[in-house]
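I opened my notebook to look up a few local features.

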Amino acid sequence: MERIQLDLSKVTLSLSSYHEEAEKCNAMLDNGTGKGNDFLGWIHLPSSISEKDLAAIESVAATLREQCDYVVNVGIGGSYLGARAVVDALQNGFDAYRSDRKNPVLLYAGNHIGEDYLYEMLDFLRDKSFGIINISKSGTTTEPAIAFRLLKDLLESRVGREGAKERIVAVTDAAKGALRRLADEEGYKTFVIPDNVGGRFSVLTPVGLLPIAVAGFNIRELVRGAADMEAMTAANVVFADNPALQYAAVRNALYRHGKKIEILANFHPKMHNIGEWWKQLFGESEGKEGKGIFTAAVDLTTDLHSMGQWIQEGERTIFETVISVARPDHCLTIPSDDKDLDGLNFLAGRRVDEVNKMAELGTQLAHVDGNVPNIRIILPQLNAYYIGQLFYFFEKAVGVSGYMLGVNPFDQPGVEAYKNNMFALLNKPGYEAQSAAMAQRLQQN
């Protein structure tokens, strides 16, 4: 079986001085001696998922598929981004519009507080057969809690409390929290979010595997790919053979040479949400203590007609990582046209993917000429196995990279700032002092 490849030929910096540092950081992850070592449950997760675990997830997913035409995945951040990235990458882009589709359409809620979006979703689902996967460690995170309250109310009004409990699955803490208490009281099916796995690393737990299975995709292949990459990036694999260490090292080398922004680019429209998941994984892991590479993502060639000018000639503080898919799933050739008014007959008989690959290569060469160092990650094919490899590759790389940066890659203290302000502004019980201080601050402004 092939593996994803890392091409660093378009980066001119020497990495020789980073080999030992990267290997040391990988050893810290493996032996649990680094910062945030209470959140390292993801490291050996792929190889430790049991047949029993997978069968339980597949069984519940099959029940939801039988009962529902739509399933709403309620969660925010790592509670939905990984699953959405995988599903969007694997599904037919027009499946939701097909009357003969075999699996439920996944919808997403709780990842923002948009009133119009929630109203329109509820209005759409009012006469539909739907279920809910509610993903929350605590059950009190504002965005998903609001969405779940609304969706639960609608579902119970349609099928009753007994009917609703057959269509609601809670993915939450093993023993504590509001969602755990509700699930136990109502009799919902439940899966556990491991205590030692943070949200952005949770795609290979029921957080990601359940909705992916509901959508009809092979979670065993996803896990197998991740397990193979776990072995390829283990602490006993030396730098020269370890792609995650090489990626972590080159990122830190570029950062220390003034490249403060990393742009993740793809030339495959199904990969948009892989970029969204990657932005959280690296941004939330590294952006702290006044440090960290700023992460951005673009879809090419689309964004060459919007961000392309800035990438080519803007401030030279950027580098680019391109995810390239070697083999598409389908074959489509460009036809000849008698009039040739668009001047494209020189492409007649050639595959669309060949044109796309030349656009990719031409863009890479142009950006390198424009002093944008270019890293390339090659997936043999866009399938569950290689996506599993890719996700674990990025997870291991960000752990090593965060340690090389000198931060704790597994916490996110800055996320609480907006929540505290929001609760004070909303006069949440227990925030009286903060509410008074906020009111005074706003009056002064």
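I worked from a predicted model, where local features need pLDDT of at least 70, side-chain atom pairs count only at pLDDT 80 or more, and totals for chains, interfaces and linings use all residues. Residues are numbered from 1 along each chain as its sequence is written, and side-chain values use heavy atoms, with hydrogens and water left out.

Entry, helix 8. I found 9 of the 9 residues buried, so helix 8 is largely enclosed by the rest of the structure. Buried means under 20% relative accessible area and exposed over 50%, with partly exposed in between (1.4 Å probe, protein chains only). P206, L210 and V214 are among the buried residues. Just after helix 8, I noted G216 with a positive phi of about 100 degrees.

Entry, helix 7. I placed R180 in this helix, residues 178-186. R180 is buried, at a relative accessible area of 7%. Its side chain reaches the backbone oxygen of D173 at 2.8 Å. The R180 side chain also reaches the backbone oxygen of A174, at 3.4 Å.

Entry, helix 5. I found E120 in residues 115-125. E120 is exposed, with a relative accessible area of 52%. On the surface, E120 gathers with E115, D116 and D123 in a patch of negative charge. Patch residues have over 30% relative accessible area and no salt bridge; like charges are joined within 9 Å, and nonpolar side chains (Val, Leu, Ile, Met, Phe, Trp, Tyr) within 5 Å. A salt bridge is a side-chain nitrogen of Lys or Arg within 4 Å of a carboxyl oxygen of Asp or Glu.

Methods: Areas by Shrake-Rupley, 256 points an atom, 1.4 Å probe, with all protein chains shown as cover. Lys, Arg positive; Asp, Glu negative; His and termini not counted. Charge placed at Lys NZ, Arg CZ, Asp CG, Glu CD. Helix = DSSP H or I, 4+ residues; strand = E, 2+ residues; numbered from the N terminus. Polar contact = N/O pair within 3.5 Å; in protein donor to acceptor, adjacent residues only side chain to side chain.
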